[in-house]
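Colleague: I have not looked at this one before. Can you walk me through it?

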Amino acid sequence: MLISTSFLSSKNPPRDLKLLDETDTDFIHLDVMDGKFVKNKTMPFSEMKNIYKYTTKRLDVHLMTEDSSNYIKDYASLNTEYITIHIESNNVKENLELIKNYGIKPGLAISPNTSLSEVVPYLPLIKQILIMSVEPGEGGQAFIIETEKKLEEAKILVEEYDLDIIINVDGGINDKTINYCKRADMIVSGSYIILEDNFQEKIDSLRI
Ligand code: DX5
Ligand code: ZN
């Protein structure tokens, strides 16, 4: 299982990114919020891009943004493997194509109240399904147990059509809730890792 570490809850992103660089986390999960799609707003790209000097890890970018095209253009210029947009955002098809045109793997996120079946029309365009296990918008929330069923459905869908798509799950993941995520190929964990001293120890405890 791949691990993507979110530093949304970090009190000191440069320090924590340097420390994460010494761990075996597979990706850095970069949450972007616009204050419209979700209430909170993350720092502007002009600041964000300076922070990425502190990591050599590939980025797994999660856009919680209403109009994503400008964000895609910006984040495509970093060391980015995936850019994921929300199915509940605007111009989904155009933006997935835009991500692909930048040579980056497109991902599609679904919020807890969105059914997995909504993803089906976009399957040929994506490389990642990001299943939200909390409401998007902030770190440190409790994992929604029903997510386990959605992960199972997603796994069946991907296997049935033999798709080259990874299943990722984001929000509230710790050494207990990881047990509901066995069907995922990748998990995002933030506060469980970042608010503790020994990042590698926490990461190891999620590799079940
Ligand atoms: C929530 C974000 C998550 C979050 C994960 O909107 O998309 O990536 O930061 O952090 P934890 O593990 O604290 O829920
Ligand atoms: Zn996220």
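Modeller: What follows covers the ligand site and then one histidine.

Modeller: This is a predicted model, where local features need pLDDT of at least 70, side-chain atom pairs count only at pLDDT 80 or more, and totals for chains, interfaces and linings use all residues. Residues are numbered from 1 along each chain as its sequence is written, chains are lettered from A and ligands numbered from 1 in the order in which they are written, and side-chain values use heavy atoms, with hydrogens and water left out.

Colleague: Which residues come nearest to ligand 1?

Modeller: G137, G140, D170, G190 and S191, out of 19 residues around ligand 1; a residue counts if one of its heavy atoms lies within 4 Å.

Colleague: And by class, what is in that shell?

Modeller: Five nonpolar, eleven polar and three charged residues, with Gly counted as polar.

Colleague: How far is H62's polar side-chain atom from an oxygen atom of ligand 1?

Modeller: That distance is 3.2 Å. For G137, a backbone N or O atom lies 2.8 Å from a ligand 1 oxygen, and G140 also has a backbone N or O atom at 2.8 Å from an oxygen of ligand 1.

Colleague: New topic: where is H86 found?

Modeller: H86 is in strand β4, residues 80–86; strands are DSSP runs (E, at least two residues), numbered from the N terminus.

Colleague: Why does H86 count as buried?

Modeller: Because its relative accessibility is 0%; buried means under 20% relative accessible area (1.4 Å probe, protein chains only).

Colleague: What does its side chain contact?

Modeller: The H86 side chain makes polar contacts with the side chains of H62 at 3.0 Å and E88 at 2.8 Å. A polar contact is a pair of N or O atoms within 3.5 Å; within protein, one must be able to donate a hydrogen and the other to accept it, and residues adjacent in sequence count only if both atoms are side-chain atoms.

Notes
Helices (H or I, at least four residues) and strands (E, at least two) are DSSP runs, numbered from the N terminus. Buried means under 20% relative accessible area, exposed over 50%, partly exposed in between (1.4 Å probe, protein chains only).
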